[in-house]
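Let's take a walk through this structure together, one region at a time. Have the sequence and the coordinates open as you read.

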Amino acid sequence: MAYSFPEEVLEHVFSFIQDDKDRNAVSLVCKSWYEIERWCRRRIFVGNCYAVSPRIVMRRFPELRSVSLKGKPHFADFNLVPEGWGGYVYPWISAMAEAYPWLEELRLKRMVVTDEALELISRSFKNFSVLVLSSCEGFTTDGLAAIAANCRNLRVLELWECEVDDRSGNWLSHFPESCTSLVSLSFPCLDGEVSFSALERLVSRCTNLRTLRLNNSVPLDKLPNLLRRAPQLVDLGTGAYTAELRPELYSKLGDAFAGCKGLKSLSGFWEAVPSYLPATYSICAGIRSLNLSYATIQSPDLVKLIRQCPNLQRLWVLDYIEDCGLNALATTCKDLQELRVFPSDPFGVEANVSLTEQGLVSVSEGCPKLQSVLYFCRQMSNAALFTIARNRPNLTRFRLCIIEPRAPDYLTLQPLDAGFGAIVENCKDLQRLSLSGLLTDRVFEYIGTHAKKLEMLSIAFAGDSDLGLHHVLSGCNSLRKLEIRDCPFGDQALLANASKLETMRSLWMSSCSVSFEACKLLGQKMPSLNVEVIDERGSPESRPESLPIDKLYIYRTIAGPRCDMPSFVWNMGERSALRFS
Amino acid sequence: MESKVTCENDLNFKATELRLGLPGTDDSEKHTPPSVRSNKRALSHETTEDSRSKSNSGTSDFGDDEKEAPPAAKAQVVGWPPIRSYRKNCFQPKKTEPESAGIYVKVSMDGAPYLRKIDLKGYKGYPQLLKALEIMFKLTIGQYSEREGYNGSDYAPTYEDKDGDWMLVGDVPWEMFISSCKRLRIMKGSEARGLGSYV
């Protein structure tokens, strides 16, 4: 059956299809659709930069304008991936500089980005407009200066949780006076000072600026001037939110906030002083997102602020909020969709605040739209988890971290298997789950049976045997990312479910019981996987083959073994087997 | 909670694609038993091991009947709890007293007609305190040494602690001093010598 539509018509139709999955589906219909689609695909998301090579991407998609890349595994956030592991973006940039001179957008997560890479970006792409770096490292403010100076049409420059060597070279001053295009400027993770006059002038002339997130070097008394220059702001991250009590500053600040009638999101609040919080009250009714996770203010003051924000949809906060504060949240914020509670004293032995499972239960009761939870606490019970599961079957993300590893139900001293089981059984659309507390193989049985939409699972200090891992790998049909640490999972479940690994993005296992022997076998039998053993103690060859290896990272790939492995990473594939002979 | 899946206690590994060992051999003896636990490895990171985790033996590692003393500090497990490094320093002790509360103590000096009062919170440590006393009373106090006290100086600073005892200023850590000091007395060197040579 031949299609009578000319290519241009099909291309036009495809241009309305932006979602990656839909685009992938379109490309599978027939050869001619594959061809048309690949020429008109403009944006691509690569969830694992080693799953594919720059050359392969460029060969298939010659006309990309927007590229998103992710590098290191998630556990790199918690220092489990050694320095030098990989995730270098430079090879991608240098290849794209040739292939995509019209590249506009680059979004990178957990990648190593050098100043050279940033400089190359700034010089290679004439229409470059969006740079978002999340959890990246390896660059300095000199690289940012190059971006500021050379990217004439820069609209978005966002740095999220990056480790940046701050050379304090006034990178911000490198934005030329002619730059008026900024829509979003965000640098909360930078340590150093920025030139206030440069910042004010920049904010003044960028009349389309919607997002401005400062770092904590910007003092509170600079904020009113900035706000007055940008009344159109929608998303504000304050700098340090502390000053001595000065009535004129307070009223200037209050007036400045009142002028920003479109504000929907507030963050920053480093060293927040409670007496200055009411300066924000005039716009709190419009606030949808509040990030107070750097504000070490106590519950009563937090509650006063939250009560001003009845339309809140997202709240990130420290556990200073305590159960009583979460109770207040539950009564006030009926639109709440996402809650993250971070620990103020994660390494303290005793609880420093009165935050327990009760707070989460209250929010699950009072907030019917709650979908996404990240909660750090020191005690949990099966009963509480049952209640949460019953109240909130619409949960899609549930990440619970009970700070003490293997902590049992504090009421019954039983494992928390049943409680998490209730979560996966009731929350049928659960996409992401992080487990903690005392857990046996039973919880994995529940997960394998019920968590059919689960895409990402994080496991730590849990389970009794390979049966646990087997349940997950054989039962979770939608599983894409699995990360495991300090669990007694070994060879059998891994080898028995080897083909499952080809359907997933990646598997991370560290401090488990996987042997070198099994890794080699897996690597040799599964050419479409990179089976990488990470061991800083030295070659796994130098130890008995049956001993557990330190860390294992397995991911599917069409690019073969990578060429940039450091000395402490070994690929277990067939071609690499020669290394060991 | 009832599980609808009948759970086998052992996996039927003969049906799997991949095994360790040569094909055709029954190598189930070579496998490590499914119930092996590697908790020892994980737990070796921690200074305390508790008997909460399921262990087959009934005895705890720290002696059978002793109550475990609460750990003063735990060795940190790498990457646990799972928070980013920039979030690790958010702890601030609860401020139950207003910031402005000071620790005012009377200071008397032998031979002086009237007493003075100072705020111990206004000083970072002993050197600053002693300097201030020297200025306030126009005298020299000299160097403190653990062995000799203030021997060799005309005056020695002493204080009355919570127990009502008179102590030599400088013996205990500063934080402990300011929380236990009720009043100060600057003694004449000759009298103080008795205190200083007390070992």
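A residue is called buried here when its relative accessible area is under 20%, exposed when that value is over 50%, and partly exposed in between. Please keep in mind that this is a predicted model.

## Chain B at a glance

With that cut-off, buried residues account for 32% of the 199 residues in chain B. The chain holds 4 helices and 5 strands. Reading from the N terminus, their order is α-β-β-α-β-β-α-β-α.

One peptide bond in chain B deserves a look: B:Trp80 and B:Pro81 are joined in the cis form, with omega at about -5°. B:Pro81 sits in the loop between α1 and β1 of chain B.

## Domains and a surface patch in chain A

Chain A is divided into domain 1, covering 1-41, and domain 2, covering 498-575. The C-alpha centres of domain 1 and domain 2 of chain A are 37 Å apart.

A:Val13 belongs to helix α1 of chain A, residues 7-14. With a relative accessible area of 42%, A:Val13 is partly exposed.

Now turn to strand β12 of chain A, residues 289-292. In a regular strand, side chains alternate between the two faces of the sheet. In β12(A), A:Ser289 and A:Asn291 point one way while A:Leu290 and A:Leu292 point the other way, and all are buried.

Which strands pair with β12(A)? Strand β11 of chain A (residues 265-267) runs parallel to β12(A) and is joined to it by 2 bridges. Strand β13 of chain A (residues 314-318) also pairs with β12(A) in the parallel sense, over 4 bridges. A:Leu290 takes part on both sides: A:Leu290 is the bridge partner of A:Leu266, and A:Leu290 stands opposite A:Leu315 in β13(A). From β12(A) the chain crosses through helix α11 of chain A (residues 299-306) to β13(A), making a right-handed β-α-β crossover.

## Salt bridges within and between chains

Side chains of opposite charge can pair when their charged atoms come close. How many salt bridges are there over all chains? The count comes to 34.

One of them joins A:Arg110 and A:Asp77, at 2.8 Å from N to O. A:Arg110 is in the loop between β3 (105-109) and α6 (115-124) of chain A, and A:Asp77 is in the loop between β2 (66-70) and α5 (90-99) of chain A, so the pair ties together parts that are 33 residues apart in sequence. Are these two residues buried or exposed? Both A:Arg110 and A:Asp77 are buried. A:Asp77 also forms a salt bridge with B:Arg84, where the closest N and O atoms are 3.9 Å apart. Because B:Arg84 lies in the loop between α1 (39-43) and β1 (104-109) of chain B, while A:Asp77 lies in the loop between β2 and α5 of chain A, this pair joins two chains. A:Asp77 has 9% relative accessibility and counts as buried, and B:Arg84 is buried too, with a relative accessible area of 14%.

A further salt bridge links the side chains of A:Asp142 and A:Arg167, at 3.0 Å from N to O. A:Asp142 is in helix α7 of chain A (residues 141-150) and A:Arg167 is in the loop between β7 (163-165) and β8 (184-186) of chain A, so the pair ties together parts that are 25 residues apart in sequence. A:Asp142 counts as partly exposed at 34% relative accessibility, and A:Arg167 counts as partly exposed at 46%. Elsewhere, A:Arg43, A:Glu105, A:Arg107 and A:Arg155 are linked in a network of salt bridges.

## Positive phi angles

Which backbone angle of A:Glu161 is positive, although A:Glu161 is not a glycine? The angle is phi, at about 55°. A:Glu161 lies in the loop between β6 (156-160) and β7 of chain A, and A:Glu161 is partly exposed, with a relative accessible area of 28%.

A:Phe269 is not a glycine either, and has a positive phi of about 55°. A:Phe269 is found in the loop between β11 and β12 of chain A. With a relative accessible area of 1%, A:Phe269 is buried.

Key:
Residues are numbered from 1 along each chain as its sequence is written. Chains are lettered from A and ligands numbered from 1 in the order in which they are written. This is a predicted model: local features need pLDDT of at least 70, side-chain atom pairs count only at pLDDT 80 or more; totals for chains, interfaces and linings use all residues. Side-chain values use heavy atoms; hydrogens and water are left out. Buried means under 20% relative accessible area, exposed over 50%, partly exposed in between (1.4 Å probe, protein chains only). Two strands pair if DSSP finds at least two bridges between them. A crossover is right-handed if, with the strands pointing away from the viewer, the path from the first strand over the helix to the second runs clockwise. Domain bounds come from an automatic or database domain assignment. A salt bridge is a side-chain nitrogen of Lys or Arg within 4 Å of a carboxyl oxygen of Asp or Glu.
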